[in-house]
Amino acid sequence: MTKKVYLNHDGGVDDLISLFLLLQMEEVELLGVGVIPADCYLEPAMYASRKIIDRFGNGEEISVAASTSRGKHPFPKDWRMHAFLVDALPILNEFLPIKTKEANIPAHKHLIQTLRQSEEPVTLVFVGPLTDLARALEEAPDIEAKIEKLAWMGGTFLETGNVEEPEHDGSAEWNAFWDPEAVKTVWESNIEIDLVALESTNMVPLTLDVRNSWASERKDLGIDFLGQCYAMVPPLVHFQTNSTYFLWDVLTTATIGKSDLVKKKQVNSIVHTEGKSQGRTELSEHGRPVNLVYEVNRDQFFQYITDLSRQN
Ligand code: AGV
Ligand code: CA
């Protein structure tokens with residue numbers, strides 16, 4: 001049986017690789033894609049998404065919608081530039097013009113339309129902020145019945161998150177920090193949520209051994225694409241910095257194709273929307289239940305995404 005999936009991403013290297021990997025999963029039917037200008041600039045992220053579908057989407061017709069959502073706390077510009085680099089890769093520009101269509105409605109409306117048109121429940125994969133989902137739920141509460149579950153890369157219950165910004169205490173994860181109100185709105189729904197938080201993504205940093213293993217297989221087009229993309233971002237070498245790259249979104253996506261890569265447990269949580277801890281998700285017995293992904297089999301994970309990427 002095929003799993004119906006809708007992806008909303010924010011144009012980072014691991015967001016675009018997530019799109020690529022979803023297209024490689026035989027058991028997944030990708031119904032649509034939304035792109036939100038959070039950890040990216042919109043134009044190159046839209047182009048790169050459409051080119052990835054052209055090149056690696058096996059001829060499927062999937063439309064890509066641009067988001068009109070704006071966040072409360074902008075991402076650092078250096079990170080947002082990554083989408084320009086992916087979009088410029090020769091591997092994505094060999095067969096222009098682009099065939100994959102851009103939707104003529106904004107991403108949150110595209111999500112509503114896709115859900116309403118689907119006869120079966122749809123799995124939502126959100127690997128950026130939740131703004132478009134929150135707006136969709138506010139505008140069309142009926143769509144909740146069409147959502148199988150939400151897999152979200154976001155949040156953490158660790159003491160230290162990954163936000164290092166003035167006027168913040170560092171306890172939040174970036175996707176939650178970009179739009180804390182959106183997290184609250186989604187938390188108030190009854191959607192089942194798998195939370196791929198920093199607890200598990202911290203276990204999958206980009207390291208040199210992984211990069212080198214992709215380099216050794218670069219004759220394969222898909223593995224070369226992985227290697228080229230992950231050449232753009234800083235790996236973990238001597239110690240972790242604020243820029244160190246993890247496979248945050250790719251882990252989230254991998255759980256859709258192979259759920260036994262991770263362990264989950266149910267916890268109750270709230271989100272902070274005001275003050276110095278904005279975007280912090282916190283355990284609270286009165287909070288809403290989420291399935292927290294707290295452990296990952298690292299070796300199996302890297303093996304899975306590498307095997308999935310191979311084109312021959
Ligand atoms: O917080 C992780 C989220 C993921 O969706 N993003 C990157 C992933 O796409 C923001 C982020 C946190 N630290 C970063 C990020 C870094 N060092 N570089 C780029 N983006
Ligand atoms: Ca992302």
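**Exercise 1.** Which residues in helix 1 meet which residues in helix 11?

*Solution.* The model is predicted, local features need pLDDT of at least 70, side-chain atom pairs count only at pLDDT 80 or more, and totals for chains, interfaces and linings use all residues. Residues are numbered from 1 along each chain as its sequence is written, ligands are numbered from 1 in the order in which they are written, and side-chain values use heavy atoms, without hydrogens and water.

Step 1. Helices are DSSP runs (H or I, at least four residues), and strands are runs of E (at least two), numbered from the N terminus. Contact means heavy atoms within 4.5 Å.

Step 2. Val 13, Asp 14, Ile 17 and Phe 20 in helix 1 meet Gly 222, Phe 225, Leu 226, Cys 229 and Tyr 230 in helix 11.

Step 3. By class, this contact of helix 1 with helix 11 holds seven nonpolar, one polar and one charged residues. Ala, Val, Leu, Ile, Met, Phe, Trp, Tyr, Cys and Pro count as nonpolar, Asp, Glu, Lys and Arg as charged, and the others, Gly among them, as polar.

**Exercise 2.** State which protein donors hold the calcium ion (ligand 2).

*Solution.* Step 1. Donors are N, O and S atoms within 2.8 Å of the metal (3.2 Å for Na, K and Ca); water is not among the atoms, so sites may look incomplete.

Step 2. The protein donors are Asp 10 (OD), Asp 15 (OD), Asp 15 (OD), Val 127 (O) and Asp 249 (OD), at 2.3 to 2.6 Å from the ion.

Step 3. Asp 10 lies in the loop between strand 1 (3-9) and helix 1 (13-24) and Asp 249 in helix 12 (residues 248-257), so the pair ties together parts 239 residues apart in sequence.
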